[in-house]
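Colleague: I would be grateful for a guided reading of this model. Please take one feature at a time.

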Amino acid sequence: MKNLPETAQALINGKRTFIGLLFFPISLFPLAALLTYDSSSMPQIQIPTTASTNWIGPIGDYFSFYGYSLLGLAIWIIPIYCIIIGCRSVYGASLRPKSIIIWRISLVLSAACLIELLAVNAPKIQEIQSFINIENAGGAVGFFITTKVLMPLFGNIGTSILLQILLVVSLLGAIGIANIKAFLKFLYKWAIGS
């Protein structure tokens, strides 16, 4: 009976690791879909589907097309985040999805808005935008929030400052203050050599 809590904890950790091992390959799907997206080969919605050049198939084309349409280049946060979740779950870490979901959504939205604002004066973003064949670098979300709401109210500089603050606060909230403290403590110990 004394070992029951340890056994239960080992089972829970084993279950998390097993789920993580299943989730990690799945987390690579959004990355593969975006890397192999070809805007000229967008299949029509039909069954059976037309041939797709995307490694994930027509689902990868749809994910990429609608992701770029909605969030623009900020859609690249999704595969990065999925890979982080996959790695964390392999090591049995708790994912705490309910506690920081607002920060994660805020991070993606503020990134889409900031990319939309930066696209006005950044030729490299405009090149990527034309290569992917999307109308707005920040997608529909970035265009509406940045161009239609914030820029008329705050101007370019005010909107830039506001979006940068929102991005940093969202990033801190999504990572978690406790995780940042632990990382800084690790860096300090590493720097002094103990």
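Modeller: What follows moves from the overall fold to helices and then to single residues.

Modeller: This is a predicted model, in which local features need pLDDT of at least 70 and side-chain atom pairs count only at pLDDT 80 or more, while totals for chains, interfaces and linings use all residues. Residues are numbered from 1 along each chain as its sequence is written, and side-chain values use heavy atoms, with hydrogens and water left out.

Colleague: How many helices and strands does the protein have?

Modeller: Helices (H or I, at least four residues) and strands (E, at least two) are DSSP runs, numbered from the N terminus. The protein has 8 helices and 0 strands, and its elements run α-α-α-α-α-α-α-α from the N terminus on.

Colleague: What percentage of the residues of the protein count as buried?

Modeller: Buried means under 20% relative accessible area, exposed over 50%, and partly exposed in between (1.4 Å probe, protein chains only). Of the 194 residues of the protein, 33% count as buried. Contact, for its part, means heavy atoms within 4.5 Å. Among contacts between residues at least 6 apart in sequence, 65% join residues at least 24 apart.

Colleague: How many disulfides does the structure hold?

Modeller: A disulfide is a covalent bond between the sulfur atoms of two cysteines. The criterion here is a pair of cysteine sulfur atoms within 2.5 Å, and the structure holds 0 disulfides. As for cysteines, Cys 82 counts as buried at 17% relative accessibility, and Cys 113 is buried with a relative accessible area of 2%.

Colleague: Which residues of helix H3 are buried?

Modeller: In H3, the buried residues are Pro 58, Gly 60, Asp 61, Tyr 62, Ser 64, Gly 67, Tyr 68 and Leu 71. The expected span of a helix is 1.5 Å times one less than its number of residues. H3 has 14 residues and reaches 19 Å from its first C-alpha to its last, close to the 20 Å expected. Just after H3, Gly 72 takes a positive phi of about 65°.

Colleague: What does Ser 64 contact, leaving aside its neighbours within four places in sequence?

Modeller: Ser 64 lies in helix H3 and counts as buried at 0% relative accessibility. Beyond those neighbours, Ser 64 is in contact with Ala 33, Leu 34, Tyr 37 and Asn 54. The C-alpha atoms of Ser 64 and Asn 54 are separated by 9.6 Å, with the two residues 10 apart along the chain.

Colleague: At what angle do the axes of H3 and H7 cross?

Modeller: Two packed helices are described by the angle between their axes and the distance between the axes. Axes are lines fitted to C-alpha atoms, for helices over the stretch in contact, and angles run from 0 to 180 degrees between N-to-C directions. The axes of H3 (residues 58-71) and H7 (residues 139-175) come within 2 Å and cross at roughly 5°. H3 and H7 are therefore roughly parallel to each other, a label for angles under 35 degrees. Tyr 68, Ser 69, Leu 70 and Leu 71 in H3 meet Gly 139, Ala 140 and Val 141 in H7.

Colleague: Is Asn 136 buried or exposed?

Modeller: Asn 136, in the loop between H6 and H7, counts as buried at 19% relative accessibility. Leaving aside its neighbours within four places in sequence, Asn 136 is in contact with Gly 72, Glu 116, Gln 129 and Phe 143.

Colleague: How many residues of H8 are buried?

Modeller: H8 is hardly covered, with a count of 0 buried residues among its 16. Gly 193, which follows H8, has a positive phi near 85°.

Key
Parallel < 35°, antiparallel > 145°, perpendicular 65-115°, else oblique.
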